[in-house]
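Subject: Structure handover

Hello,

The structure we talked about is below, for you to take over. My notes on what was found in it follow.

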Amino acid sequence: WVGTESGGAMKVIRRGFTSYAEADGLEHARIAAIGEDHNGELFVITGSLAAPSFHIHRFDGRRFKNIKVNLPQDVVPTWGWNQLFLQDRMKQWWVPTAGGLFQFPAMRSLQDFATARPFKVYTSKNGLTGDEPFRLFEDSRGDVWISIITTPAPAYMIRWERATETFHRYESKDIASHAESAPTTFEEDRNRNLWIGFYWGSLARYRDGKFDTFRKEDGVPQGMIRDLHLDHAGRLWIATAEGGVARVDDPTHERPTFAQYTTKEGLSSDQITSITE
């Protein structure tokens with residue numbers, strides 16, 4: 001499945017492409033995220049400042065069922081994409097908006113988004129460092145990592161610890177990052193280390209409660225980190241907005257090395273938006 005910025009969603013099969021747009025049930029042609037819930041239902045999320053409400057769409061095998069998420073009328077979508085809506089291990093849903101982070105109860109079906117009410121709302125007044133979450137990711141421990149895009153923010157990354165239901169904020173000095181920058185993608189390696197890519201470039205690895213930072217001088221290509229992907233062999237692939245692709249064969253190594261691929265190695269562009277296998 002492919003999500004586009006303005007051309008709807010596409011299903012890719014061996015015979016070719018099947019496109020889905022507003023006529024097929026989508027509220028808007030900008031696809032913010034694609035995923036599956038714990039029931040195996042495929043969903044697509046649309047969101048745009050031109051259509052200021054979040055809609056989640058359930059694919060029935062033929063077309064999409066449009067479900068408007070039950071949020072307060074004055075709440076508008078965040079402009080983030082990819083790791084957006086999160087269904088955690090308890091089957092509860094986390095929904096980021098431009099007005100805070102909404103936590104919904106477990107639902108029997110995606111259709112319940114139309115009537116379900118959030119039981120918690122997190123803002124800068126009760127745990128977040130800004131009111132606009134940008135990315136969400138649940139790690140193997142069940143903790144939820146939250147990227148904050150609000151500028152300026154006291155910290156651009158927060159971890160909600162499941163065991164205590166408390167927030168931990170991480171400032172640039174904690175990550176040893178060279179720039180104030182929001183996370184743009186998260187991925188875990190086989191040793192349960194968390195890898196984090198940032199808006200203004202560079203990578204961080206969180207392990208044993210500490211961060212290792214990797215920058216251009218360490219071999220990380222320049223530009224925003226758009227996507228991270230762990231393949232079947234445990235290799236970490238890195239998509240950048242300016243420097244092509246990088247690959248780390250052993251993400252668990254103390255000082256991992258980065259193999260780089262650009263147009264010189266056969267890519268059609270050095271601007272990479274996503275990677276999958």
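**Salt bridges**

Aspartate 249 has a relative accessible area of 44%, so it counts as partly exposed. Please keep in mind throughout that this is a predicted model. The side chain of aspartate 249 forms a salt bridge with that of arginine 247, at 2.5 Å from N to O. Arginine 247 has a relative accessibility of 16% and is therefore buried, as the cut-off for buried is under 20%.

The search of the whole structure gives 15 salt bridges. Another of them pairs glutamate 138 with arginine 162, at 3.2 Å from N to O. These two residues are 24 apart and link distant parts of the chain: glutamate 138 is in strand S12, and arginine 162 is in the loop between strand S14 (157-161) and strand S15 (166-170). Glutamate 138 is buried, at 18% relative accessible area, and arginine 162 is buried at 18% as well. Through shared partners, salt bridges join Asp88, Arg89, Glu138 and Arg162 into one network.

Arginine 255 and aspartate 218 also meet in a salt bridge, at 3.4 Å from N to O. Arginine 255 is partly exposed at 46% relative accessibility, and aspartate 218 is partly exposed at 27%.

**Pocket and cavities**

The largest pocket holds about 1300 Å³ of space. It is lined by 38 residues, and Ala33, Ile34, Gly35, Asn82 and Gln83 are the closest to its centre. Elements that give two or more residues to this lining include S1, strand S5 (42-48) and strand S20 (225-230). S4 gives the most, with 6 residues. By class, the lining has 19 nonpolar, 11 polar and 8 charged residues.

There are 2 cavities of 30 Å³ or more in the whole structure. The second largest cavity has about 40 Å³ of space. Among the residues that line it are Asp37, His38, Trp93 and Arg108. Its lining divides into 3 nonpolar, 4 polar and 2 charged residues.

**Surface**

Val2, Val12 and Phe17 make a nonpolar surface patch of about 270 Å². Valine 2 is in strand S1 (residues 2-3) and counts as partly exposed, at 30% relative accessibility.

Regards

Technical notes
Residues numbered from 1 in each chain as written. Predicted model: local features only at pLDDT ≥ 70, side-chain atom pairs only at ≥ 80, totals over all residues. Heavy atoms only, no water. Patch = residues over 30% accessible without salt bridge, like charges linked within 9 Å, V, L, I, M, F, W, Y side chains within 5 Å. Areas by Shrake-Rupley, 256 points an atom, 1.4 Å probe, with all protein chains shown as cover. Salt bridge = Lys/Arg side-chain N within 4 Å of Asp/Glu carboxyl O. Helix = DSSP H or I, 4+ residues; strand = E, 2+ residues; numbered from the N terminus. Buried < 20%, exposed > 50% of the residue type's maximum accessible area, 1.4 Å probe, protein only. 1 Å grid on protein atoms, 1.4 Å probe; cavity = no way out; pocket = protein on both sides within 12 Å on 5 of 7 lines; lining within 4 Å. Points joined across faces, edges and corners; volume = space filled by probe spheres on them. Nonpolar A, V, L, I, M, F, W, Y, C, P; charged D, E, K, R; others polar.
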